[in-house]
Amino acid sequence: MIEAYLFYFFAVTTVLLAVTVVVQPNPIGAAVSLVGTFFSLAALFVLLHAHFVAIMQIILYAGAIMVLFIFVIMLLNLEPEKVKLRTIAGNRLVQGSAALYLAGVIALAFFGWRQFFTQGVVANEMEGTIEAVGKLLLTDYLVPFEMTSVLLLVAIIGAVILARKPVE
Amino acid sequence: MIPWIASHILTITIFLPLVGVLPIMMLPRRFEEGSRAIALFFSLITFIASLAMWWLYQINAVDNGFTLIEQHPWIPTLNFQYFVGIDGVSLLMIVLTTLLIPLAILGAWNEIKTRRKEFMGLILLTEVGLLGAFAALDLFLFYVFWELMLIPMYFLVGIWGGKHRIMAAMKLLIYTLFGSLLMLVAIFVVYAKSGYQMNLIDLYQMKLDPGIQLWCFMAFALAFAIKVPLWPVHTWLPDAHTEAPTAGSVILAGVFLKVGAYGFYRIAMPLFPDAVLQAQPLLMSLSVIGIVVGALVAMIQPDMKRLIAYSSVSHMGFVMLGLASLTTEGVEGAVLQLVNHGISTGALFLLIGIIYSRTHTRQISDYGGIAKVVPWFSAAFIFVALSSAGLPGLNNFVGEFLTLMGGFAYGKVYGVIAAIGVILGAAYLLWLVERVFFGQVTNEHNKTLKDLNPRELTLLIPLMLLMVVFGVYPKLLLDPCMGSISTFLQLMGR
Amino acid sequence: MIEQLLQHISIPTLMCLIPLLPLLGAIANGKMYLFSTRSQWKPSHALSGTIAVVMPLISFLIVAVLFYIAMGLEDSHSVSTGPLFTWFGGTQWAVTIGLKLDQLSLIMALVVTGVGSLIHLYSVGYMSHDDGFAKYFAYLNLFLFFMLLLILGDSLPLMFVGWEGVGLCSYLLIGFWFTDIEKAKAGKKAFIVNRIGDFGFVLGIFFIWQALQPTAQPGDAILSFSYISTHAAFLAPVATAATLLLFLGATGKSAQIPLYVWLPDAMAGPTPVSALIHAATMVTAGIYMVARLNFLFVLAPTTLNVIAIVGCATAFFAATMGLVQDDIKKVLAYSTVSQLGFMFLALGVGAFSVAIFHVMTHAFFKALLFLGSGSVIHAMDGEQRLSMYGGLRKHLPVTFTTFLIGTLAIAGIWPFAGFFSKDAILWHVYSSGHFWLWLIATLAAGLTAFYMFRLVGLAFFGKRNPAGPHHVHPENSVTMLLPLVVLAVLSIIGGWVGVPHAMGGHDHIMTWLAPLFPTALHEAGNESTELFMGLGSMTWGAIWAIIAWILYSQHRGWADQMAARFKRCYTLLVNLYYVDQIYDAVVVQPLLWFSRSVLWQTVDAVLIDKILVGGSARIARLFGRVGTAMETGLVPHYVFLLVLGSVVVLGWMIL
Amino acid sequence: MEITVHHYIVISCLLFIIGIFGVLTRRNLLIILMSVELMLSAANLALVAFSRFSSHLDGQVAVLFVFIIAAAEAAVGLGIVIAAFRHTSGVRVTSWKELKG
């Protein structure tokens, strides 16, 4: 039962913080909210017994990536943005369709919620430990795993080239 | 070793220039002048290989059909093959190509000052496309080579061309692509209707439904007609010829256009004999109009290169006249005319390139009276112009005479109107000669022109000798292809 | 001795040498000229002159030897190389290269190489001050090569090679002094007008080819003269068309109406060239061709009539134009056109051998006249206007004497060469029943005498025009005088080979040519009538000659009064009936306008490029505009479209 | 009530939609990038949930790969942001119209 409460708690936190990210005018505020989102997501991963993923979520996402974001924000010294939801051309259309989409999902959730939520697959007892995931990564997914290093290298080089001062 | 070469001579000839592209591309830019020598070397050994091929052809020749065949699966699931082989006509076309490319490279020796590496590489690449198209016996393979020759040519015109090169290159590319995409559709229609065959020799034996034949023929014919070019889809040619660098013009006029006529001969006509019979009056009329209109428009051009370009429209009209007449004389004449027009017009473009490199103008009005200043150049130019005008005893005459015979045999009126083109041919060329060479030297700059140098002489003398040889003894050209021509006419039901 | 020589050299080899020797000369001189332009070395005039003169001379000797051999042959009087090699051909037929000398071509070859050698010799003197000495002889030798090919060729295509080749040399030689653009233009005009004729020639060949094709076995040389003559019966259906077209070719080469316009302009070339090409040899190629194909032309009476009428009209009109020319060479040019008209008239009435006879005598006296005029021009520092001459007979005695002989010959005074041939033409025209043609031709003959004596009167009699060159160079070049004398002798005795039976002669030339030509198409007239008419025509010529002599050497004022009296007529003649202007306005300018304004600037540039090509580009651009409108450049819009697209796709998949 | 996979899916969907909403409405390039991170996280959540409820660990491996891609994306994306900032002295997406046709 405690798991259910924890789930609801972190679910609501995640969503609320996510909303804060997109409506927050100040980029720093948005970034901090995003860090919060990631932490509560990590909690959800724990609830799903995905320990390794949860750890990585915190180290990689909440740690590394967000630090990068905040660095950039500081570097560029950005002013807070005036959030006016109608500023972009064609905005009405954007809102309309986003709302429609949201409404669709919510409607789906509401009208079919009973059988929808009771038909769920019963959770098994599989644990996403570091050992289990790591084993999989280094056996079945060895090649893609190694390939990611190349991807990261390329990304590093790309970032360096993009961000350096243009050569006169 | 030698038997291996002998049995793969065709592939070797086709891809030798490609081998040359490699060292040229790896050449450091500091030494890029060396690319000329490399390109010349590879084009020359290609020429030698093609001569060896001629020799092997003479030994192996079966009177009809193809020799030196090489057949390997290429995309087996789709039944595409690497299938090459030659008959007499493709032999002549291949040798013409390998002959003109070294000359074009020599002609570009000092003309091209920027990006020499790329230029030489692209020329060799064009050669691969041309040779491949002349040797391919698989429709899809033909299409690949057909497009392969277009792209380098687009760059040759677009990068090293004259003032309006971009427009000319676009026109060349879009005109040709327009045709070839229609052809691609037709190729796949044929492919589907023939039970997934791309092999030309098998396709020859198949008779498609006349209705489909007509549509497919029209698509093929349009693609080839644009390349020939037949009136009224010729307007890319004056621009491309005029704007292209000398080597580009030589290749365009000398060989590029020939692929169109060759396509008619090898693909469009024998695959769809029934459709050809229906379209014959149209083809003949367009050829005749092309002959006369090309010559008339050539007459009043103010730009030398443009004049020669329009004269190509007229001359290629003769080729199509002979080919479409479906008579032995006409087809023979068309083949002769193909080779001879390549030699004569190639030489004319080389000559114009030579004078352009000294004066940097192609306007006829900027010249006048230069015969006094550059006697050798003038002698060469007048000689080549006379050959182009079809003076008997020089190369073009026999071809024109035979194609006219073919046209005449098909319908007297075609022969008569086409023969007017012969009068006009003399008119525009001699008028050009008069305005450029005769009279007093009108332009101060022209008083100090330099005459031909040894490099330019080595370019021109072989061509001029060939003009005499082919004029006096055209059987050199006719003998290897007589059998092929009669096979072709049999396929056409003649 | 000749027989011994011949044991070592075969006749075909000799025959091949006839045209090849001048070709060798041409190549040698051409090379020498080209190399002299870029090095210090200059070929001496003696060297290139010797090569140029000796080559045709050897050819002449060979022809003479072959003539001697052919005379001795029993039946055919002809020698041939047979087919040397196949030039080109179809599955059923072939064109072979071969040379043949029969009675007709022997006469022509003798004239061409003989007169040709003399004129080469003359040129050595005439051109001695010119820079392009070697080039000149290269062209002249090349001309002889092509002319001999034309005459010796045993098939129509080979004849056509020579036919176009002589046109080329004519082009090169007319424009020899190309720094004068007018001369270059004259050369071009000659070539293009000739091309119009060649157009007819080629089509004529095609008609014959098509008609003969069904009769051929593989490898038959169906366009050779012998094949055509043996299969003439198959040609009957196309004979009229073919011969008319061939005659069009002849009008081009032999300067007949309507294509005569190039010949007067061709006088821009050096005078010996006018003598050789535009008087003695090339322009008679048309007559030679018709005579060569006589078996074909007799199948088409319509064509023969056309030829007769055209020839007669040309003879008359050209003579009228010759009356008022001020340029000494132009007078001779129109005279040539007129004389060629006479020859065609003879062909037209079926008197082929008479035409050839006139070709021969005309070659002698017209070459003489031209060389004489060249001598005058040379002495007068290049001045060509008759009005600047006068009283030259004292300064140039040899020229005057020989020129007078030539004039008497052309005027048809007994016993000079022209009398016999021209009288024979008039007689045959009359006796074949073409009265009106005869009348006009006789008038033209009178005019001939008139304008020639006008020329002599203006140039050699009267007083020197003080406006002309002060100093008259004396005539002292042997190379120039020797040909004049030889030709003068020939102009006297040349006609004696054709003295008709009516005048107690043997008419050797008719007998010699008889086997080639059909027996007379019509009844021969009475011999006494023939004699009477001969006397009449001579008297007629003499009367006109005397009138001209009085008018132009004794009382020049009278001539001016006459010109003033018939001013309209005079203007018309001076302007040559405005033919050049009419051609220009009716043919040349409209054609250029049509090419430029319609074909190029309208059809190519607007219709095809702007409307068809540009139009499809515009349509493509129109679609492009629609697409462009969606490209706002704002990233959020793209994202929005992306989302919208995925929603649509997802919705499609779910529903 | 048992927590089933569907609960997680709903959360995932909500996160994703919020992300889209951010991408569409915000004009600050950095916040747009953050919204993209949100969308990636939504996918991660779904992957882990499915992995948990279908007893395969492969989903979690996939999530690790997504992390890597996200890291790469962030690196390149932020590089672009800096370059773009140099170009126009701002990170407003509406100020770049070079793509306009």
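Reader: In this predicted model, is the crossing of H5(C) and H6(C) left-handed or right-handed?
Author: Residues are numbered from 1 along each chain as its sequence is written, while chains are lettered from A and ligands numbered from 1 in the order in which they are written. The model is predicted, and local features need a pLDDT of at least 70 and side-chain atom pairs 80 or more, whereas totals for chains, interfaces and linings use all residues. A crossing counts as left-handed if the near helix is turned anticlockwise from the far one by less than a right angle, and as right-handed if clockwise. By that rule the crossing of H5(C) and H6(C) is left-handed.

Reader: How are H5(C) and H6(C) oriented to each other?
Author: Helices here are DSSP runs (H or I, at least four residues; strands are E, at least two), numbered from the N terminus, and axes are lines fitted to C-alpha atoms, for helices over the stretch in contact, with angles from 0 to 180 degrees between N-to-C directions. The axes of H5 (residues 133-152) and H6 (residues 156-174) of chain C come within 7 Å and cross at roughly 155 degrees. Angles under 35 degrees count as roughly parallel, over 145 as roughly antiparallel, 65 to 115 as roughly perpendicular and the rest as oblique. H5(C) and H6(C) are therefore roughly antiparallel.

Reader: Which helix gives the most to the side of domain 1 of chain B that touches domain 2 of chain B?
Author: Chain B is divided by an automatic or database domain assignment into domain 1 (1-271) and domain 2 (273-494), and the contact takes 46 residues from each of these domains. Helices H4 (88-107), H9 (210-227), H10 (236-243) and H11 of chain B each supply at least two residues of the domain 1 side. With 13 residues, the helix that gives the most to this side is H11(B).

Reader: What is the handedness of the crossing where H11(B) passes H14(B)?
Author: The axes of H11 (residues 246-271) and H14 (residues 328-359) of chain B come within 8 Å and cross at roughly 165 degrees. That makes H11(B) roughly antiparallel to H14(B). The crossing is right-handed.

Reader: Which helix of chain D gives the most to the side that touches chain A?
Author: Among the four pairs of chains that touch, the most contacts are between chains A and D, where 59 residues of chain D are in contact with 68 residues of chain A. Helices H1 (5-25), H2 (29-53) and H3 (58-88) of chain D each supply at least two residues of its side. With 20 residues, the helix giving the most is H3(D).

Key
Two residues are in contact if their C-beta atoms, placed from the backbone, lie within 7 Å.
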